[in-house]
Structure formats: structure tokens, C-alpha cells
Amino acid sequence: MKKDYELISYLLRGSRRKAVLQALDKPKTPKEIAKECKISTSNVSNALQELLKIGLVECITPKAHFYRFYQLTKLGKETIKKINELKR
């Protein structure tokens, strides 16, 4: 339980991490996420790398040089659900 809140705290401290995670309601490219969140593609890519490291997202086209698609992992979906429950 404590680890869940550490993850949530990590996401809430970084608004771009949270925005990128919440934008992944379906598989998307960094460019699509950037357009939706109104932040630079570079910031989205940095956030995705951070989220990959902690297991909240995964790249589903890792061999592609362009148009890599990312999606939430099971842990990512659970974490978003917990964040949304805290808002209530």
C-alpha cells in the first residue's frame, strides 16, 4: 500500500508525467500525446522514458524508428484509477 502512494506522489509531483499517463487511454505516439496535452514532443518523450523505467507504460513498437506507440501497463492503469479515486 505504501508503495502505491509513493508512485502516486511521484506522478503528482510532475504535472507532465501525470498528463502523459492520463493521455494514454489508448496506444498513442509521443506526437499525438504532445498535441493532446499541449506540451512539447521532447517533454513527452522525457516523461515516457521516466514512466517506462518505473513500469507504468510500455512501448508496443520498440523496433520502429519512427511512430513508436506507447500504452499503459496493468500497473499504469491501476495507478490512474487510484489517482482518480483520490480526486473524489
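Me: Before the labels, what are the ground rules here?
Reply: This is a predicted model, so local features need pLDDT of at least 70 and side-chain atom pairs count only at pLDDT 80 or more, while totals for chains, interfaces and linings use all residues. Residues are numbered from 1 along each chain as its sequence is written, and side-chain values use heavy atoms, with hydrogens and water left out.

Me: Why is the contact between R16 and E50 called a salt bridge?
Reply: The term asks for a side-chain nitrogen of Lys or Arg within 4 Å of a carboxyl oxygen of Asp or Glu. The closest N and O atoms of R16 and E50 are 3.3 Å apart, so the pair passes. R16 sits in helix 2 (residues 15–23) and E50 in helix 4 (residues 41–53), so the bridge ties together parts that are 34 residues apart in sequence. Helices here are DSSP runs of H or I with at least four residues, strands are runs of E with at least two, and both are numbered from the N terminus.

Me: What makes R16 and E50 partly exposed?
Reply: Buried means under 20% relative accessible area, exposed means over 50%, and partly exposed is in between (1.4 Å probe, protein chains only). R16 comes in at 26% and E50 at 21%, so both land in the middle class.

Me: Which salt bridges does K28 form, and how do you know?
Reply: K28 pairs with D25, with the closest N and O atoms 2.8 Å apart, and with E36 at 2.4 Å, N to O. K28 itself is buried, at 5% relative accessibility. D25 is exposed at 62%, whereas E36 is partly exposed at 45%. Elsewhere, salt bridges that share partners join R16, R17 and E50 into one network.

Me: How many salt bridges turn up overall?
Reply: A search of the whole structure gives 5.

Me: What makes R17 a charge over a ring?
Reply: That label needs NZ of Lys or CZ of Arg within 6 Å of the ring centre and within 35 degrees of the ring normal. The charged end of R17 sits over the ring of Y10, 3.9 Å from its centre.

Me: What makes the phi of K38 worth a remark, and where is K38?
Reply: Phi of K38 is near 60°, a positive value in a residue other than glycine. K38 is in the loop between helix 3 (30–37) and helix 4. At 74% relative accessibility, K38 is exposed.

Me: Where does Y67 lie, and is Y67 buried or exposed?
Reply: Y67 lies in the loop between strand 1 (57–59) and strand 2 (70–72). Its relative accessibility is 63%, so Y67 counts as exposed. Y67 also has a positive phi of about 55° although it is not a glycine.
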